[in-house]
Amino acid sequence: MFTNIIRERIYQHKDVHTKSCDVDLVTEWDQKVEKLLIGGISSKYPDHRFIGEESTASGEKVELTDAPTWIIDPIDGTMNFVHGLPHTCVSVALLINKIAEIGIVYNPILEQLFTARKGQGAFLNGAPIHVSNEKELHKALVMMEMGTSRNPEKLKIVLKNITLLITHVHGIRSLGSAALNMCMVALGGADVSFEFGIHAWDIAAGDLIVREAGGVSIDPAGGPFDVMSRRTLCASSKELAQQLSKILIQYYPERD
């Protein structure tokens with residue numbers, strides 16, 4: 001079972017490699033979990049397509065079509081996994097005609113299973129969840145990340161946004177996993193989450209889970225959400241999302 005790999009290996013020594021920079025990490029377990037997921041799904045749905053973090057890192061082209069497509073992050077929060085911090089998860093989404101139909105985010109260490117199907121609500125371990133409905137930015141708990149890029153321009157904007165938000169929000173938190181950050185919004189434990197420079201596999205499942213929990217998912221500048229844009233902002237209410245989008249300093253990474 002692929003979740004057993006994460007549960008059993010998180011506190012053990014790992015062979016760690018880097019991708020785009022020295023904080024963009026991958027382990028053999030990321031790759032093995034992705035292969036197990038793709039293999040299992042392909043055996044039941046041989047015509048379905050896949051967008052996976054590790055297969056993309058190995059050179060496969062990222063292309064989202066109207067065909068049924070599974071978007072997979074085998075270990076979201078690899079840095080946490082490497083250090084033994086238990087905020088790490090598997091993120092899986094199914095998109096058909098470029099619309100999310102199924103979203104699953106599972107943290108096997110803390111046994112948190114977030115699920116959603118289009119039009120059927122969002123759940124944590126089978127129990128319904130709902131966003132906080134917070135509408136005021138000064139009362140909002142915000143999830144954000146430094147990310148795995150050390151691009152000087154992006155870092156400058158991230159730090160500016162932290163400085164800016166400290167005086168506008170109730171608090172700022174970071175779990176080290178975009179998918180889990182979004183699920184905290186869906187759960188009502190946080191009120192808004194945003195990030196620049198992430199990828200489709202980080203956010204595809206979380207986007208649906210947030211929306212099915214009654215929240216909103218948009219582009220950080222206020223436009224519609226685009227899973228391939230490498231930008232996300234989700235919130236407990238439209239009012240809160242729009243307030244934050246108006247004050248954020250924007251960053252536009254290259255698209256997937």
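Five nonpolar, one polar and two charged residues make up the lining of the largest cavity. Keep in mind that this is a predicted model. Here's a quick tour of that cavity, the nonpolar cores and some salt bridges.

**The cavity**
- Searching the whole structure turns up one cavity of 30 Å³ or more, and the largest cavity comes in at about 50 Å³.
- Its lining is Met-144, Glu-145, Ile-157, Val-158, Asn-161, Phe-194, Glu-195 and Phe-196.

**The nonpolar cores**
- The largest nonpolar core has 39 residues, and Ile-71, Leu-95, Val-105, Phe-114, Ile-129, Ile-209 and Val-227 are the ones that touch the most other members.
- Elements giving two or more residues to this core include strands S5 (89-96), S6 (99-107) and S7 (112-117), along with helix H7 (200-212).
- Looking past its neighbours within four places in sequence, Ile-209 is in contact with residues including Val-105, Phe-114, Cys-183 and Ala-186.
- There's also a second, separate core of 19 residues, with Val-169, Leu-233, Leu-240 and Tyr-251 among them.

**Salt bridges**
- The whole structure has five salt bridges.
- Glu-28 and Lys-32 pair up at 3.5 Å, N to O; both sit in helix H2 (residues 28-44), four residues apart, or about one turn of the helix.
- Lys-139 bridges to Glu-136, with the closest N and O atoms 3.5 Å apart.
- Asp-226 and Arg-255 meet at 2.9 Å, N to O. Asp-226 is in the loop between strands S13 (216-218) and S14 (231-235) and Arg-255 in the segment after helix H8 (238-247), so this pair ties together parts 29 residues apart in sequence.

Definitions and conventions. Residues are numbered from 1 along each chain as its sequence is written. This is a predicted model: local features need pLDDT of at least 70, side-chain atom pairs count only at pLDDT 80 or more; totals for chains, interfaces and linings use all residues. Side-chain values use heavy atoms; hydrogens and water are left out. On a 1 Å grid over the protein atoms alone, a cavity is a set of points where a 1.4 Å probe fits but cannot get out, and a pocket is an open set with protein on both sides within 12 Å along at least five of seven lines; lining residues have an atom within 4 Å of a point. Grid points are joined across faces, edges and corners, and a volume is the space filled by probe spheres set on the points. Ala, Val, Leu, Ile, Met, Phe, Trp, Tyr, Cys and Pro count as nonpolar, Asp, Glu, Lys and Arg as charged, and the others, Gly among them, as polar. A nonpolar core is a set of buried Ala, Val, Leu, Ile, Met, Phe, Trp, Tyr and Cys residues joined through side-chain atoms within 4.5 Å. Buried means under 20% relative accessible area, exposed over 50%, partly exposed in between (1.4 Å probe, protein chains only). Contact means heavy atoms within 4.5 Å. A salt bridge is a side-chain nitrogen of Lys or Arg within 4 Å of a carboxyl oxygen of Asp or Glu.
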